[in-house]
Each structure stands twice: as structure tokens, then as C-alpha cells.
Amino acid sequence: MTPSLNSNAQVTVTIDHNPAGTRTFNFNRVPTPVKDDAAAQGKWLLLVGELDPNAVGFAALNDGLLPTNQDQPSANFFSSAGSSGGRFRLDLGKLIEISQVNSYSWHPNSRGPQVYLLYASDGADPKFIADPNGYVDPTTAGWKLLTIVDTREKFGRMGGQYGVSVAAANGSLGKYRYLLFDTVATETDDDWGNTFYSEIDVIERAPN
Ligand SMILES: [Ca+2]
């Protein structure tokens with residue numbers, strides 16, 4: 001394997017939680033969502049699973065608009081009830097040096113916590129598959145597993161408002177065009193384990 005600038009970033013995951021939450025999504029340790037981030041012009045593609053008919057769809061993730069209450073399907077993206085999760089891709093349209101990927105969710109109970117695998121790719125690997133289906137391990141198809149996010153490790157099944165910031169110890173996660181999210185239901189005791197994702201921000205690293 002050819003070493004690349006992207007191979008050594010030490011990834012950190014910061015999880016913050018507001019038990020009640022407010023419409024401002026302010027956290028102590030995670031940035032507040034922003035409107036004009038690198039994801040704002042990105043294009044989403046669903047690869048595995050299906051959108052819940054009550055969800056607003058991908059627009060919820062990068063329109064910069066936030067839910068105004070804790071249980072607002074029309075302001076969130078979430079996979080269909082009873083499903084185990086989904087896989088979706090964000091195409092940023094060009095290579096971007098990413099400093100943070102920040103994800104936000106809000107729900108009073110089991111649809112609050114976030115569980116997902118985050119992959120990234122610059123699309124340069126000859127083996128690259130841009131739209132890996134559920135039978136493809138992305139790491140065999142030109143994608144790098146950046147990290148696994150699981151807020152339950154810190155806050156269990158608690159509902160509320162969550163902010164997660166995926167960043168790198170050296171300030172750069174790497175230069176990527178594509179991000180892939182493999183989301184996992186937070187519980188399977190009932191049909192209501194798919195997270196209400198309110199916004200996903202991609203922050204470009206400021207030039208030195
Ligand atoms: Ca945004």
C-alpha cells in the first residue's frame with residue numbers, strides 16, 4: 001500500500017449531550033451547527049436502507065436548519081422504522097482538507113444517541129467504488145474507516161440532544177471528496193432505534 005498524507009491522521013471523537021436540548025444546539029465541548037460549511041453544497045446519495053416516510057430527507061442534514069423541538073420528524077433525517085440502519089454518501093464535489101465532521105441529533109429517547117461508522121475517500125484508489133452497496137466492505141473499495149462513533153459508550157441510551165465532533169489531533173482529517181456514513185440503530189428492542197439526525201457539518205481546514 002502506498003503511504004499517503006491521509007494515512008496517519010489521529011482521529012478524535014468528542015461527544016457532548018444536553019439532556020433537554022434547545023433550538024440553538026449549543027454545547028460545551030462541540031461546536032454549534034453552522035450553515036455555510038463544506039457540506040452545504042454537497043450531494044447525498046442513499047446506498048443501503050430507506051428513508052422513513054415521515055422524515056424530511058437528506059435536506060435536513062445540510063440545510064443549516066435545526067429542529068425547534070425534541071421530536072420533530074419533519075426536520076430530521078432518519079432511516080425507516082424497524083430497520084437496522086442505513087448507508088449514505090456525501091459527495092463534497094471536490095477535494096477538501098477536512099478539519100472536522102460534526103453530527104447532531106435530537107430526540108427524547110432512543111432516537112437521540114448516535115451510532116455510525118464514518119468512512120472517507122479521495123476517490124483516487126484504482127479500486128475505488130463510489131457507491132458501495134451493503135455487500136461491499138468500503139475498506140476494500142478505496143475508502144478509509146476514519147472512526148466509529150457510539151455515543152452510548154458515554155451516555156448509554158439516554159435521549160436528549162447530541163453533538164459529536166470527529167476531528168484529528170493534528171488539525172486535519174485529510175483531503176477527501178467523499179464521506180460515507182454507515183448508521184446503526186441504537187437499539188432493536190422495538191422499531192424506534194434509528195437516530196433523528198438533525199444536521200451534519202463538514203468543516204474545511206482554514207489555510208495556514
Ligand atoms: Ca450545515
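**Figure 1. Glu199 and the calcium site of the predicted model.** At 0% relative accessibility, Glu199 is buried in this predicted model. Its side chain (OE) is one of the calcium donors, alongside Val34 (O), Asp37 (OD) and Asp201 (OD), with distances of 2.3 to 2.4 Å. Along the chain the donors are spaced as V-x2-D-x161-E-x1-D. Val34 sits in the loop between β1 (11–18) and β2 (43–48), whereas Glu199 belongs to strand β8 (residues 197–204), so the pair ties together parts 165 residues apart in sequence. Val34 has a relative accessible area of 35% and is partly exposed.

Figure 2. Leu45 is partly exposed, at 33% relative accessibility. Not counting residues up to four places away in sequence, Leu45 touches Phe58, Arg87, Phe88, Arg89 and Asp131. Leu146 is 101 residues from Leu45 in sequence, and their C-alpha atoms are 19 Å apart.

**Figure 3. The largest nonpolar core.** This core holds 29 residues, of which Ile98, Val101, Leu179 and Phe181 touch the most other members. Two or more residues come from each of β3 (85–107), β4 (115–121), β5 (144–150), β6 (160–168), β7 (174–184) and β8. Strand β3 gives the largest share, six residues. Beyond its neighbours within four places in sequence, Leu179 contacts Phe88, Arg89, Leu90, Ile98, Val101, Leu118, Tyr119, Ala120, Trp143 and Val202. Another core, of seven residues, lies apart from the largest one and includes Leu47, Tyr119, Trp143 and Tyr178. In soluble globular proteins, nonpolar side chains tend to be buried together.

**Figure 4. The salt bridge between Arg87 and Asp182.** The whole structure contains six salt bridges. In the one shown here, the N to O distance between the side chains of Arg87 and Asp182 is 2.7 Å. Arg87 is in strand β3 and Asp182 in strand β7, so this pair ties together parts that are 95 residues apart in sequence. Both Arg87 and Asp182 are buried.

**Figure 5. The salt bridges Glu97–Arg205 and Asp150–Arg152.** The closest N and O atoms of Glu97 and Arg205 are 3.4 Å apart. Glu97 lies in strand β3 and Arg205 in the segment after β8, so the pair ties together parts 108 residues apart in sequence. Glu97 is partly exposed at 27% relative accessibility, and Arg205 is partly exposed, also at 27%. For Asp150 and Arg152, the closest N and O atoms are 2.9 Å apart. Asp150 is buried, at 12% relative accessibility, while Arg152 is partly exposed, at 30%.

Definitions and conventions: Residues are numbered from 1 along each chain as its sequence is written. This is a predicted model: local features need pLDDT of at least 70, side-chain atom pairs count only at pLDDT 80 or more; totals for chains, interfaces and linings use all residues. Side-chain values use heavy atoms; hydrogens and water are left out. Donors are N, O and S atoms within 2.8 Å of the metal (3.2 Å for Na, K and Ca); water is not among the atoms, so sites may look incomplete. Helices (H or I, at least four residues) and strands (E, at least two) are DSSP runs, numbered from the N terminus. Buried means under 20% relative accessible area, exposed over 50%, partly exposed in between (1.4 Å probe, protein chains only). Contact means heavy atoms within 4.5 Å. A nonpolar core is a set of buried Ala, Val, Leu, Ile, Met, Phe, Trp, Tyr and Cys residues joined through side-chain atoms within 4.5 Å. A salt bridge is a side-chain nitrogen of Lys or Arg within 4 Å of a carboxyl oxygen of Asp or Glu.
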